[in-house]
Amino acid sequence: MIILGLDPSLSCTGWGVIRIEGSRISHIANGQIKTDAKTALPDRLAYLDTMLAAVIADHAPNAAAVEEVFVNDNPQSTLKLAHARGVVLLGCARAGLTVSEYAPRLVKKAVVGTGGAAKEQVQAMLRVLLPGAKVAGADAADALAVAICHANHRPRA
């Protein structure tokens, strides 16, 4: 099974692709889709959609996992995140992928063992779980963590 993990954001959406064979997890690819803050919102969302479609076409995942939205102190930031999440969810659905959503605390618990783990702890565990993987940045690391969370929580056939 190939799982696409996604950490949506308007400025930089992280993505990570892993393969599951039995209980073995291996890294396939990861990256970040960055949009230009000077560009109009509709154009940024269209760019995110186009780039996500290319990732899905390139890696042909069987399922997708997306980090759930969190509400922060700035309503404008939360709204922009929601726009990006909508594009990501739509893109996955359009590609025929089943999408599962996971809270940030559950993702951290699945990778590190505690829901209160720091980003550095998550990244350290990714180096253990996916040896040799070159991670494109913090958002890509978060996306790989979401994919691993799904690998641990997905329904078994």
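Predicted model: local features only at pLDDT ≥ 70, side-chain atom pairs only at ≥ 80, totals over all residues.
Colleague: How far apart are the end C-alpha atoms of helix α5?

Modeller: Helices (H or I, at least four residues) and strands (E, at least two) are DSSP runs numbered from the N terminus, and α5 covers residues 138–153. The expected span of a helix is 1.5 Å times one less than its number of residues, so the 16 residues of α5 should span 22 Å. The model agrees with this, as the end C-alpha atoms of α5 are separated by 23 Å.

Colleague: How many of the residues of α5 are buried?

Modeller: Buried means under 20% relative accessible area, exposed means over 50%, and partly exposed lies in between, with a 1.4 Å probe and protein chains only. Among the buried residues of α5 are Asp142, Leu144, Ile148 and His150. The helix is largely enclosed by the rest of the structure, because the buried residues number twelve of the 16.

Colleague: Which residue forms a salt bridge with Asp142?

Modeller: A salt bridge is a side-chain nitrogen of Lys or Arg within 4 Å of a carboxyl oxygen of Asp or Glu. Asp142 is buried at 11% relative accessibility, and its salt bridge has an N to O distance of 2.5 Å. Asp142 lies in α5 and its partner in helix α4, so the pair ties together parts that are 23 residues apart in sequence. That partner, partly exposed at 42% relative accessibility, is Lys119.

Colleague: Is Arg85, which meets Glu101 in a salt bridge, buried or exposed?

Modeller: The side chains of Arg85 and Glu101 meet at 2.1 Å, N to O, and this pair links helix α2 with strand β5 (residues 98–102), 16 residues apart. Glu101 has 38% relative accessibility and counts as partly exposed. Arg85, by contrast, has 10% relative accessibility and counts as buried.

Colleague: Which residue forms a salt bridge with Asp49?

Modeller: The closest N and O atoms of this pair are 3.0 Å apart. Asp49 lies in helix α1 (residues 41–59) and its partner in helix α2, so the pair ties together parts that are 45 residues apart in sequence. The partner is exposed, with a relative accessible area of 51%, and is Arg94.

Colleague: Which residues is Val69 in contact with, leaving aside its neighbours within four places in sequence?

Modeller: Val69 is found in the loop between β4 (63–67) and α2, and is partly exposed with a relative accessible area of 38%. The C-alpha atoms of Val69 and Ala103 are 7.7 Å apart, although 34 residues separate the two along the chain. Where contact means heavy atoms within 4.5 Å, the residues that Val69 touches, with those neighbours left aside, are Leu81 and Arg85.

Definitions and conventions. Residues numbered from 1 in each chain as written. Heavy atoms only, no water.
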